[in-house]
Amino acid sequence: GKDNKMVEVSFTSCADGYFTCNDGECVSIESRCDQFANCKDGSDEQNCKSLIIKGNYNKDVPPFQLNRKDNTISKAQIRVSMIVIDLLQIVEVDLEFTCKFKIILEWVDHRIEFWNLKPVESSNTLGKNGKDQLWLPNLVFKNTENNELTSGDDKAELIVARQAPARLSAMTNKEEINIYEGKDSIVK
């Protein structure tokens with residue numbers, strides 16, 4: 001016999017840019033997965049994962065860029081910025097200072113996707129699960145006494161900033177999802 005394939009579909013009267021609640025109500029797709037039930041039945045807050053790891057992703061391999069013209073691979077750029085929070089001590093004689101600071105590392109990774117990101121970055125926190133699944137950069141402070149190394153620890157926050165418009169999920173996908181490509185989203 002022939003292989004039968006079953007596909008679930010949703011019929012909707014909602015316009016593009018709107019999410020179809022299970023009860024048929026239409027709400028803005030931007031309000032999907034925003035931690036607040038906008039649908040009366042709460043269906044806009046179901047199946048709300050934001051990080052999508054593609055099948056061959058390896059968190060031990062740093063992100064890279066492929067130049068298809070000459071088939072060369074280059075390392076992804078990582079932007080590093082620092083905010084000094086407090087200057088704790090200055091020892092002029094030894095040319096030393098002690099400070100409290102925050103380091104921000106930013107990069108893109110074309111190997112992943114993000115679903116239903118919000119315009120406000122602080123709403124796009126990936127949490128511990130994201131930190132466990134993603135490649136995270138290490139930063140070595142060569143001018144410290146012990147060449148201190150830092151990486152994503154328990155205090156580190158991992159957020160995503162969308163940089164391009166979303167792509168809507170395919171018609172074959174029952175879920176209505178705003179999809180943001182990793183190459184167009186900044187992880188920090």
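Q: What distance separates N and O where the side chains of Lys 188 and Glu 121 meet in a salt bridge?
A: In this predicted model, numbered from 1 along each chain, local features need pLDDT of at least 70, side-chain atom pairs 80 or more, while totals for chains, interfaces and linings use all residues. Side-chain values use heavy atoms, without hydrogens and water. A salt bridge puts a side-chain nitrogen of Lys or Arg within 4 Å of a carboxyl oxygen of Asp or Glu. For Lys 188 and Glu 121, the N to O distance is 3.0 Å.

Q: How many residues apart in sequence are the parts that Lys 188 and Glu 121 tie together?
A: Lys 188 belongs to the segment after strand 14 (185-187), and Glu 121 to the loop between strand 8 (112-115) and helix 1 (127-133). Helices (H or I, at least four residues) and strands (E, at least two) are DSSP runs, numbered from the N terminus. The pair therefore joins parts whose separation in sequence is 67 residues.

Q: Which residue meets Glu 30 in a salt bridge?
A: Glu 30 lies in the loop between strand 2 (26-28) and strand 3 (51-53). Its partner sits in strand 11 (residues 160-162), so the bridge ties together parts 132 residues apart in sequence. At 3.2 Å, N to O, the partner is Arg 162.

Q: What relative accessible area does Lys 183 have?
A: The side chain of Lys 183 meets that of Asp 184 in a salt bridge of 3.2 Å, N to O. Asp 184 is partly exposed at 26%, where buried means under 20%, exposed over 50% and partly exposed in between (1.4 Å probe, protein chains only). Lys 183 counts as exposed, with a relative accessible area of 52%.

Q: Which residues are linked in a network of salt bridges?
A: The structure has eleven salt bridges by the rule used here. The residues linked in a network are Lys 54, Glu 113, Arg 167 and Glu 181.
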